[in-house]
Every structure is written in structure tokens, then in C-alpha cells.
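Here's a quick tour for anyone opening this one for the first time. Keep the sequence and the 3D view side by side as you read.

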Amino acid sequence: MTNPNALLSGLGALLPDLVSLYKDLHAHPELSFQEHRTAAVVAERLRAQGWDVTEGVGRTGVVGVLRSGNGPTVLLRADMDALPVKEETGLPYASTAKAVTDDGREVPVMHACGHDVHVTALLGTCALLAADRDAWRGTVVAVFQPAEEVGGAPVMLEDGFAERFPRPDVCLAQHTAPVPVGYAGSRPGTIMSSSDSLRVVLKGRGGHGSVPEGTIDPVVLAAAIVLRLQTVVSREVAAADMAVVTVGSLHTGTKENIIPDTAELKINIRADRADVRRRVMDAVERIVRLESAVSGAAEPEMDHFQSYPLTHNDPEATARTSDVLAEAMGGRFLTLPRPLTGSEDFGQFGQALGVPSVFWFFGTTDPALFTEFDPSRLSSPPTGVPGSHSGHFAPLAEPSVETGVRLMTTAAAHWLGTPGV
């Protein structure tokens, strides 16, 4: 175990540059698998620090490897992509970027989930490790992952990650949280829910709105399905279990007096246990099929187009890491009472490589926005405090970056070896 204080002694001198980097990344967000500028910035900085750098891993990912003698191997991960969200923060470095999605739509782009903080913090940790190799022993694998929002981790793994880079003894990652700066938290076992996304195409029979009796109206069918899906959690999931069913997209029709042939729904399902996940998935599929049959419609198309497994923290590794992070946070490192309803793909590195993972959250929000704060509700900001994926999401720059570097460096140091030992 390396003394983190030796590494962190250089943080003060680095901080002004890191805060400038954070603001630059915030002002220049890029969508999933479009992180070309961000990846180039990362690669340039890592090379200048002395890391062995590989670009284009999993399309736009960057991996740096740094060695300092014999010792444990530690994987540190940050995600790079932004979201199709219009920024409404009013910050002087607010994003005005736009991008074209895979389906050809031009959309505004914003770092509304803190990935710019993650990248900056990991680059800060990388700089501290590179500047003082005499303070630690082992190998660090720094992973700057593309496309967390759409599942970039498995793409990196499918690109031969396990064969191309040193196998770690532990995988570490962190995420911003919409709670006051100065708090952080984690939990052993499941820390984030699974997430499954379905694209459903309902097949009716179109016609003139004046003679609906000659049609099978997919608009009415879609409405019935949307309403019936609201009963899945309330009537098919035990009150002690967690599940969420969201219909986030419904597209159909072109004109008020034309009944269309089809309707498309996109449905998201979340759960904190594998058996609940399967039960809810089965219920959603059953409702879609049977409502279609009752309406006389053809068999619907269902495409399971995106899936995130449960994010699982190894209990022993989490206990060890949490102890040192609690010390770094002055005791304000909390044990989350239950898994969060959000999802992540970071855990797939540990699962694929067969090694323990530890994932934690840290606050980045102005404490002045909180009239009160219940530390046990780390994932649930009060009304009026912008959460992630909001156009008003605005981490405090300097304390957020400093906290992120301090936590990641402390965790990495705990797992790395000590010179002479």
C-alpha cells in the first residue's frame, strides 16, 4: 500500500491547469463514439507524462499504461462521452456544441452527467503517479472509455482489451453525484441497477380518420400499452423490491385525420435484482403482445437493443477502499442504504477480466443549494437541485476536480505496492 499523501503533495500545483482543462472539456462535449477531440487531448497529456498510450480502443477509447517495478496492477477508469442535452446553466464555459446523431439528427450536446469531471480527475491522478514513480510499485492501466451512455465498455472488451493490456488485480471508478461537495459514498454488493431497453413496433392497419371502423388504430393500441405498463411495478413487483418501467419515446402518425399503420415505443426497464429484472421484462413483453392481440393487430416487433447488467462492488475490495476514502473525506464517506436506480457499464471490465471492482460516488454540487441534506439519500437531490442528465447540471469546478483527483489517487495508492516491500 502506497502512502497517498506523498502523491497528493503535488496536487496544489496541478490544480489551476486541471480546472482549466475541465472547463475546456465542458465547453467541447462530444456524443458517444464521437469523442475524437477528447481522446486526442487525453492521449497528448498521457504521452507528455510518460505513459505508454494506445488510441482507438473500442473505436475512440484511450488506454495508458505506466509501470514502476514489480507490484499489483490497478485499472482506473473514466468515461468520456456527453449527452444530447441543451445546456441551460449560463456558465461562462457553457457548451454551445451541436452534433449529428447516428440517425442523422442535429442535436445540442452537453456534459450533463459529469464525465468531464471524471476525465479531468483521472488525468490529474495520472499526472501525480507519473511525476513520482519512486513513491509506488506496480502497474497502472488508465482507461478512458467512450460511450458509457450507450454501452462502450463491452466494445472496448471486444476489441481485445484482455489480450492487449495487463490484467488488473482490481478495477476502480467513480462518478459525480448531485449532492454537496465534501460528501462521497459507496456500498458493497449491487450499487447500481440493471437497465434494459426495448424498441417496440406495433403493427396496426391505417386508414382515414373518418372511418376508424376499417382500421386497427396503433395510436389507441400504444396508449393502452403505455397505461397498462404502469401496473407492472405497482401490481407485479413486491413493495420491498425495486423496479422502474419508463416509456421514454412514442412516435406515430403524420396528420390528425390519418390513422397510421404503425407506432414505435422505446421502453426502459430497471431493477436491482436479476430475478426482478426477468420478471419485469417478461411482464412488459406479455403486455405488448396481448394488447396487440386484443386489438386485432399483427404480432409486434420487439428489439432488445441495449442492456446494462447490475453494477456489483466486490464486498472485500469495497470495504478496503471505503476505509481509505473515508479517511480522505474526513469521515464524510457514506454507505449507501440501497442500490441506485441508475445504471453503468463499468462493472463489465471486472466481470470480463475476473477481478474485483469498486465504484463510488462523490458530490459536486454547491452546498448553498441545499437548505438541508440527508446524507443517507446520496442519490436523491431535493427539489430545485439539478440532477444528472439535466440541462442545468453544473458541478462546482475547482472543488469537484480536486475531490475527484484526491479520491482516485487515494484509492489507487491503497492498491499499489510500496517501494522496498
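How many residues does helix H3 have, and how far does helix H3 reach from its first C-alpha to its last? Helix H3 (residues 36–49) has 14 residues and reaches 20 Å, close to the 20 Å expected at 1.5 Å a residue. That expected span is 1.5 Å times one less than the number of residues in the helix.

A word on the ground rules: this is a predicted model, where local features need pLDDT of at least 70, side-chain atom pairs count only at pLDDT 80 or more, and totals for chains, interfaces and linings use all residues. Residues are numbered from 1 along each chain as its sequence is written, and side-chain values use heavy atoms, with hydrogens and water left out. Helices (H or I, at least four residues) and strands (E, at least two) are DSSP runs, numbered from the N terminus.

**H3 and what sits around it**

- The buried residues in H3 are Thr 38, Ala 39, Val 41, Val 42, Ala 43, Leu 46 and Gln 49.
- Their cover includes helix H2 (11–27), helix H4 (115–131) and the strands S1 (52–57), S2 (61–68) and S6 (138–145); contact here means heavy atoms within 4.5 Å.
- Just past the end of H3, Gly 50 takes a positive phi of about 105°.
- H4, one of the covering helices, has 17 residues and reaches 24 Å between its first and last C-alpha, close to the 24 Å expected.
- H4 is mostly covered itself, with 16 of its 17 residues buried.

**Two helices that meet H11**

- The axes of helix H9 (residues 315–328) and helix H11 (residues 397–415) come within 9 Å and cross at roughly 130°. Axes are lines fitted to C-alpha atoms, for helices over the stretch in contact, and angles run from 0 to 180 degrees between N-to-C directions.
- H9 and H11 are therefore oblique to each other. Angles under 35 degrees count as roughly parallel, over 145 as roughly antiparallel, 65 to 115 as roughly perpendicular and the rest as oblique.
- The crossing of H9 past H11 is right-handed. A crossing is left-handed if the near helix is turned anticlockwise from the far one by less than a right angle, and right-handed if clockwise.
- On the H9 side, Ala 317, Arg 320, Thr 321, Val 324, Leu 325 and Ala 328 meet Arg 406, Leu 407, Thr 410, Ala 411, His 414 and Trp 415 in H11.
- Sorted by class, the residues of this H9 and H11 contact are seven nonpolar, three polar and two charged. Ala, Val, Leu, Ile, Met, Phe, Trp, Tyr, Cys and Pro count as nonpolar, Asp, Glu, Lys and Arg as charged, and the others, Gly among them, as polar.
- H2 packs on H11 too, at an angle of about 120° and with the axes 9 Å apart, so this pair is oblique.
- H2 also passes H11 in a right-handed crossing.
- Here Leu 11, Leu 15, Leu 18, Val 19, Tyr 22 and Lys 23 in H2 meet Ala 397, Glu 398, Val 401, Glu 402, Val 405 and Arg 406 in H11.
- The contact of H2 with H11 has eight nonpolar, no polar and four charged residues.

**Positive phi without a glycine**

- Phe 33, in the loop between H2 and H3, has a phi near 65°, a positive value in a residue other than glycine. Its relative accessibility is 14%, so Phe 33 counts as buried.
- Ala 147 is not a glycine either, yet has a positive phi of about 55°. You'll find Ala 147 in the loop between S6 and helix H5 (153–158), and at 0% relative accessibility Ala 147 counts as buried.

**Buried spots worth a click**

- Val 141 lies in strand S6 and is buried at 0% relative accessibility.
- Beyond its neighbours within four places in sequence, Val 141 is in contact with Val 63, Gly 64, Thr 73, Val 74, Leu 75, Leu 76, Phe 161 and Pro 166.
- Gln 306 sits in strand S15 (residues 298–308) and is buried, with a relative accessible area of 19%.
- Ala 283 is in helix H8 (residues 274–295), and its 1% relative accessibility makes Ala 283 buried.

Definitions and conventions. Buried < 20%, exposed > 50% of the residue type's maximum accessible area, 1.4 Å probe, protein only.
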